[in-house]
Every structure is written in C-alpha cells, then in structure tokens.
Amino acid sequence: RRNSTRYPSPLSTGQKTRMAFSKALLALLAMGVPVEPKLCNVRCAAKIAALSSSAPTSSSTRGGSNSIGGQLIRRSSTRGYRTSIPGCSKSTKTATTASIEGRTGRRQRARPNTHFPLRPTDTSALIVPETNSMMKMVAGMDGEESTPYNRHLRTSRMLSRVSPRKLNGLEKQLTKASAAAYGVCFVSIAYTACLLMEAAGSLKILQKKEVEGKIARFIGLLADRLLRIFPFINIEVSGAEHIQRENTPTVWVANHVSELDLLVFLILEGRLDIGKKRPIKFLYWDKLNEYPVLSRFLRTSGMIPVSMEDTGFEVDNKYLLQSLKSMNRAMDKAIKDGFDVAILPEGRRNTDAPTLAKAFPGAFKLAKKHGAKIGFIGTHGVEEVWNVKDGFHANSKHVSVHFWNAMEISSRNQFDELFYSLLGPWASSKIDSFETPLSTSTTTSKPDNTNIER
C-alpha cells in the first residue's frame, strides 16, 4: 500500500491520449480560441467550460499557487496539486510532482498531468459561446455539414423506414411469371410499332418529331394496358392533381433506384395522359443501345443518350465532355420541338436506396435556360421489385408514386433543397412533405401542397 501510494502505476495509452487532447484544448483556450463542449467528452467539457468562464491570469511555476485560465490550483503537498472547479462534484487531483520509478528503475520527475471530474453537477458549466468559425470546425470546413445532401443523410436516419407488404414464395413465382408474359408481349408489340413508325418516317408520311411523339405516346398506352392484363406490379398514384397539362415546357425529375424506373414512368405517362400535349423524352445511358430491341425503341422515340464511363458504383459518375455537349443540344431541341424532358439527377441507379445519392444540376440548368418549370416525381418501393444488388427478386409488387406541383426554381441550392426534402422522405417513408428551409419569397410559383414549407 505504501509503494502504490508513493509510486503510482504508469498511465495507460488511452489515458495519455485523453490527457494530450485535453492539453491541446486548454492551449486553445489560452490563445483566446473558444472551444465548444461537443469537441470532447463530458469530463473535458466541464473543465473547459469552467476555465473559459474567467479571464486568463499569470501563472507561476514554483511555490504558492498556479492559475490556468483563471482557475486557482492550490499546492496541497509535495505529492501534487488539487483544484476546485465550479460545477464539479468534487475536487480532483490535477498534477503530481512526486517522483515515480520508471520501468528502467531510474527515478524520474513527472510532468504535470490533467485529470477531470466524473460529471458536472451544474449544467451551466457546459455552456460555451459559439462562433461561426468554431461551428465550421465542428461541422466541417467550409460548411460541409450544411449542404442539402448532408442534411438529407441526417434526416434519413431520423425517419422510420416504411416497406411495402412482402410476398410469400408462391406469390413471388406468380409475379415473376406474370412479368415474363408482360415482357414478351410488350417487346413484340413495341418493336413492331417502332418498325412501322420508322417506315412512315422514311416514306415522308410523317415528320421526324411527329414519329417521335406518336411512338412515345403509343408505348406509354401499351405499357399501361398490358399491365392490366399482367399485373406484376401495382402502382398507387397520389398528387395526380398537380400534374402540369398545359402546353408549357416542364422538366421532370425523379429518384433513380431500379431498372424498372423507365417502365414505371412510361406506364404513368399512358395512364395519366401526362404527355398528351407535350410528349416526354428521357435521358438514358448510351450503353443501353447494346440491347437490340430496347435500342430500337429508344432511337425511334428520340430519347436522349449520354455517355459516361462504366466506373462501378463505388466511384462518382464520369461523363464524357463531347457527350455532354451533344446531350445539351438534344435537350434544347426537344424543348423547342414541343417535348418535355425527364432527367434522373442522381445519374445512375442508387445502391443505397431509399437514401438518395448526390444530384447533378443538369435539370435545373435546362429549366432555367428555357424558363421551364420543374416537376418532382417521387417513387417508393420500386427497389423491392427490382434493384441493383438482387435483380428481379420480387419481394413486393406494390409501388407508390407521388407528384408535386411543378415549380419555377431560381437557384441551384433551392433545387437541391426541394429534391432532397421532397423525394427523400417519400422514398424512405412515403411522407409527401418534410422540413424545407425555403421561404415563399424564394419560390415564384408556390405548390398547391402548402405542407411542403413547415
């Protein structure tokens, strides 16, 4: 017992690390830098808050007392110092000058170490003035944590996941068989229709944009009618009253989680007469042209290709510059010819569904260039039918789609805010509105759904 009192055991690595971190924070205080309690644990926060409550004073190294950050440290004996910190449950030993014996057997002089109390008894001791510079240091340099995408990630962790009803084994097999029959009929009829429309265009019976508009509308009607015969998915639609049916250009944006997204949009186009006055052209990855039947439909209907490297899902999209130029020209021509354009801002299928991926600004730039409104479409449950990881697994057949009123958006930040605050909660929890930090003055065309801004 005498030896353990006089020669305390060496500190562990964790204790040394915490003490070094605490000394660094105290050094920041000495330089006048405010330190926020969330940078450290409760013990260190109480100490820092207590030290920051008074102005620094001079300190001496021998005899009498020392003062660090305005807190008096009394020398109680030759074995060490003791300090009394406001808001702490008891005084705590902060430094020792006792000689300790190292592993080598030599007697060494210990350097002053800092220990902190177990818990504060006064919560006011944890209140430290916050500054913009400190908030940036806590949240990430240059306000990284304040971006709409990062706020969406935090929000998605707060929302409870809502999943559609799961299918049993027999229902899965019937769903897959129904999907196979649907696919055979759809491909056969659509391919024949495309050949006929191409022939009409070659014979100058119809102009090119007339061929594109008619085949796009026919394919939408075909997709919806066949689904009534082979119902391998059930699509529930809400917010249909917000659909823009005037002869004004609209840029449609939606979340992208599955290979079925294009088929779902074609079904909705035929069922709700979305493209009756202005048919819709979709952006697609040009690698889909490797499939003969699909490429025939994409080419005949005038869909807009974009080239990007096949980098996998671990690396961000890399678009080819020449492809982006031709894509922009094709989108401009589509708007002038009386078409709407549908863009999936995430660029590719999202492997982390229902959480959204980072959005590209192409939809906003196109809408701003032509004075068009942006219509948001949110899908829920498509990944439970077909997704990137499991393919066509048919865990469920229920898909929910919600439409928001088309809006005129004036800034890129406003577009990102609406994209994540509308589509994010819907994709995960079927919530059609969430907190949107936008005032009515920033939106020139306020949606009918007033719950969007709460």
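Helix α6 (residues 169–202) holds both tyrosine 182 and phenylalanine 186, which stand 4 residues apart, about one turn of the helix; a helix here is a DSSP run of H or I with at least four residues, and a strand a run of E with at least two, numbered from the N terminus. This is a predicted model, in which local features need pLDDT of at least 70 and side-chain atom pairs count only at pLDDT 80 or more, while totals for chains, interfaces and linings use all residues. Residues are numbered from 1 along each chain as its sequence is written, and side-chain values use heavy atoms, with hydrogens and water left out.

Tyrosine 182 is buried, with a relative accessible area of 3%, and phenylalanine 186 also counts as buried, at 15% (buried means under 20% relative accessible area, exposed over 50%, partly exposed in between, with a 1.4 Å probe and protein chains only).

Across the whole structure, a search finds 10 aromatic pairs (rings of Phe, Tyr and Trp, the last by its six-membered ring, pair if their centres lie within 6.5 Å; planes under 30 degrees apart count as stacked, over 60 as edge-to-face and the rest as tilted). The rings of tyrosine 182 and phenylalanine 186 have centres 6.0 Å apart and planes at 10°, so this pair is stacked. Phenylalanine 419 and tyrosine 420, by contrast, have ring centres 5.2 Å apart and planes at 80°, so they form an edge-to-face pair.
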